[in-house]
Amino acid sequence: MSIEAKIAAIHDEDLLAELEAARGGFLFGVIVEHIAHRQALRDAERAEAGRRQETRAAMGRDQRRRDAVRMVIEAEPVTPDTIQHIHSVLALCGLPYRDPGEEREFFREYGRNTLSILAGRLKNPATGQMELQGLPYGPKARLVLLHLCTEAVRQRSPTIEVADSLSGFMREMGFAVTGGERGTIRQFKEQLHRLAACTMQIGLWDGQSRSSTLTMPPFRQLDLWRGGGQDGLAWSKTVQFHQDFYDNLVQHALPVDIRAARAFSGSARKLDLLFWIGYRLRSLQRPLRLSWDTVHRQFGADNASLRSFRQAFKADVAHVKEVFPKLPISLDEAGLQLMPTDPGALLVPPKPARRKAAAGAGAA
């Protein structure tokens, strides 16, 4: 390309100003080459950004969210502020996906182990009556547990402040903080009340002749009073974990990238899948193979049909892999396979180019 053609390709104002300042100089030809190269790089970046924008515009809302989260995770390394925690037992067990209605017990098997959640009662601060609470369920119950476990780990205390921090967490997860009968505040508080009233039992079996049953109520105390706002909701400033649960949590807290949890904040099963994979990758030494029947028992509590579950679960795995492309999980006709890898596969490191740029900036 001639020097005239290279000059004609330069169009950014700041680069044109550099070009004019160099005219008449001894190294004008070399400077033109350098400026033209920088212009070409900028044009390529703009074209790529335009293509990404067009691609994202064609996506649905949830896919756009997943794509945006993937880009953030790839560009920005994980920090203590982006890590939250949940109890490892909850990463394995899960909760009901949908409202169980009048049912008072939720029962699930996972391998040789079982989980039973029993609904309980809370004292109504307005009537003084012990009122039945439903079973905790859905993505909001999981997010409430994630938030409370995180605060307990960060504060190193079984007693944590929740009145304001829960609203802040709701905003961080992308929920509008709204009041009223159908508002998000009521929905999150309802799940907190259900969690505070329930009791969890975990059954462990060695496959031969020995078993044990652990009873773990998550919370020891939840203080309520009659709300003074429009909806009159009973609320608490503090929540106190049961000491046994808290001690076990500190020892077995599972780290979760809050940015990834935000991408799946509307799906209970995708959150369970995220937690479960994170737990498994921490100790997996050889490939883990699970049949479709086993996967169905673990993740298909709300879907009686194995055929329809397989289709929905394949979509869930694909969505998780949109955020974590390097995730070593695959599905085939036999079931699920998870390969051993660094748990960092769930915390995608920054791109090498960005690391070099950051190093150069630090040196300067």
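Three strands form an open sheet in the order 12-14-13, and their pairing is antiparallel; here two strands count as paired if DSSP finds at least two bridges between them, and helices (H or I, at least four residues) and strands (E, at least two) are DSSP runs numbered from the N terminus. The edges of this sheet are strand 12 (288-291) and strand 13 (329-332), each of which pairs on one side only. Neighbouring strands are turned by 20° against each other on average, direction ignored, where axes are lines fitted to C-alpha atoms, for helices over the stretch in contact, and angles run from 0 to 180 degrees between N-to-C directions. The model is predicted: local features need pLDDT of at least 70 and side-chain atom pairs count only at pLDDT 80 or more, whereas totals for chains, interfaces and linings use all residues. Residues are numbered from 1 along each chain as its sequence is written, and side-chain values use heavy atoms, with hydrogens and water left out.

Strand 12 and strand 14 (residues 335-338) pair in the antiparallel sense over four bridges, and Leu-290 stands opposite Leu-336 in strand 14. Helix 12 (residues 292-299) lies across strand 12, strand 13 and strand 14, running at about 85° to strand 12. Helix 13 (residues 306-323) also packs on the sheet, touching strand 13 and strand 14, and its direction makes about 155° with that of strand 13; contact means heavy atoms within 4.5 Å.

The structure holds 20 salt bridges, each defined as a side-chain nitrogen of Lys or Arg within 4 Å of a carboxyl oxygen of Asp or Glu. One of them joins the side chains of Asp-14 and Arg-42 (2.8 Å, N to O), and this pair links distant parts of the chain, with Asp-14 in helix 2 (residues 13-22) and Arg-42 in helix 3 (residues 28-57), 28 residues apart. Asp-14 is partly exposed at 38% relative accessibility, as is Arg-42 at 25%; buried means under 20% relative accessible area, exposed over 50%, and partly exposed in between (1.4 Å probe, protein chains only). Arg-70 and Glu-74 also meet in a salt bridge (3.0 Å, N to O); both lie in helix 4 (residues 61-75), four residues apart, about one turn of the helix, and both are buried.

Arg-156, found in the loop between helix 6 (138-155) and strand 6 (159-161), has a phi near 55°, a positive value in a residue other than glycine. Most residues other than glycine have a negative phi.
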